[in-house]
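I opened this model to look up its helix packing, its nonpolar cores and a few backbone details. My entries follow in the order I made them.

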Amino acid sequence: MTVDFSPSASPLAERLLPAALEIIARYPEGRSRSALLPLLHLVQTEEGHVSPNGVAFCAEVLGINKAQVGAVATFYTMYKRRPTGEYLVSVCTNTLCNVLGGQEVYDELVEHLGVGHDETTADGRITLEHAECLAACDYAPVVTVNYDFAIDEATPSSARELVDQLRDGQRPTLSRGARICSLKEMQVQLAGFSDPRAGAVADGQAGAPTLRGVNLAQQHGIAVPNFNPDAPITKTKPAREEKTKPVSAAEVAGVASNKPAADGKPAGDSVGNEVKK
Ligand code: FES
């Protein structure tokens, strides 16, 4: 593949082109633009964020325009728009974590580090953010570092201790998850490349808080009738023909006249549920 890179994309192309082509080759012919998500992570392995040069590189290697790349890069929170620190510390302040003290943990770090959401300490070590549910509600409140679980059932003091260690140049053992790495190293994995460091990928058994529900059910003899945990998972998605629901004459008439639907939205309007950053 030969691409004439522009001056803004060239420096990244010199370093990243072989890896970018490897990513693109994972997708069927004619579907290369689907490689955009891992390519943006690839850009972050070098830059730590997605700069205008990174946008230009992705656009040119995929043959799409910069607006298309920008639309994706600005939609997802894992693509950073400003330079980030070596460690991204995310504190969950969503409902369950919040009820159990997540906001206090976040507030403590704001005060201790002197930075707010999406800001980086002057030494370049820590970028702080408050996050939506980090998918570990059973261990609430939780703190992650570079997307690995760092503190379960966090408290203001355990969070302060962790960031102090990170700023000291230490790499403490996280409560769960893999060995701690820098945010740029994590982007290598997110771009779909294996990380050769020992312990770079976590494995392990579910902990007691995760299994609490199942244990309680067993203790009280609660079971789902006819449930066989060894049964193979079958495809439950209906076939394309089954999915096609007959449309009534009234529905057709409603759409044609743009008559408001029962939920108050204009007929045919499916917009409104997007999650924005
Ligand atoms: S609400 Fe914090 S991990 Fe789910």
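At what angle do α6 and α7 pack, and how far apart are their axes? I read an angle of about 40°, with the axes 8 Å apart. Axes here are lines fitted to C-alpha atoms, for helices over the stretch in contact, and angles run from 0 to 180 degrees between N-to-C directions. α6 and α7 are therefore oblique to each other; angles under 35 degrees count as roughly parallel, over 145 as roughly antiparallel, 65 to 115 as roughly perpendicular and the rest as oblique.

I noted the provenance next. This is a predicted model, in which local features need pLDDT of at least 70 and side-chain atom pairs count only at pLDDT 80 or more, while totals for chains, interfaces and linings use all residues. Residues are numbered from 1 along each chain as its sequence is written.

**Entry: the chain.** I found eleven helices and five strands in the protein chain. Helices (H or I, at least four residues) and strands (E, at least two) are DSSP runs, numbered from the N terminus. Of the 277 residues, 29% count as buried. Buried requires 20 or more other C-beta atoms within 10 Å of the residue's own, exposed means 12 or fewer, and partly exposed is in between, with C-beta atoms placed from the backbone.

**Entry: α6 with α7.** The crossing of α6 and α7 is right-handed (the near helix is turned clockwise from the far one by less than a right angle; anticlockwise is left-handed). From α6 I listed E104, V105, E108, L109, H112 and L113, and from α7 P156, A159, R160 and V163. Contact means that C-beta atoms, placed from the backbone, lie within 7 Å. By class, the residues are six nonpolar, one polar and three charged. Ala, Val, Leu, Ile, Met, Phe, Trp, Tyr, Cys and Pro count as nonpolar, Asp, Glu, Lys and Arg as charged, and the others, Gly among them, as polar.

**Entry: cores.** A nonpolar core is a set of buried Ala, Val, Leu, Ile, Met, Phe, Trp, Tyr and Cys residues joined through C-beta atoms within 7 Å. The largest has 32 residues, and V89, V91, L109, V142, V143, A159 and V163 touch the most other members. β1 gives the largest share of this core, five residues. Apart from it I found another core of 22 residues, among them V55, F57, V61 and V188. I also checked A159: beyond four places in sequence, A159 is in contact with V105, E108, L109, V143, I151 and A154.

**Entry: α2 with α8.** Helix α2 (residues 36-47) and helix α8 (residues 183-190) pack at about 155°, with their axes 8 Å apart. That makes α2 roughly antiparallel to α8. The crossing is left-handed. H41, Q44 and T45 in α2 meet K184, Q187, V188 and L190 in α8. T45 counts as buried, with 21 C-beta neighbours inside 10 Å. T45 and L190 are 145 residues apart in sequence and 9.4 Å apart in space, C-alpha to C-alpha.

**Entry: backbone.** I looked at the loop between β3 and β4, where P141 has its place. The peptide bond from A140 to P141 is cis, with omega near -10°. A135 lies in the loop between β3 and β4 and has a positive phi of about 65° although it is not a glycine. With 10 C-beta neighbours inside 10 Å, A135 counts as exposed.

How values were computed. Contact = placed C-beta atoms within 7 Å.
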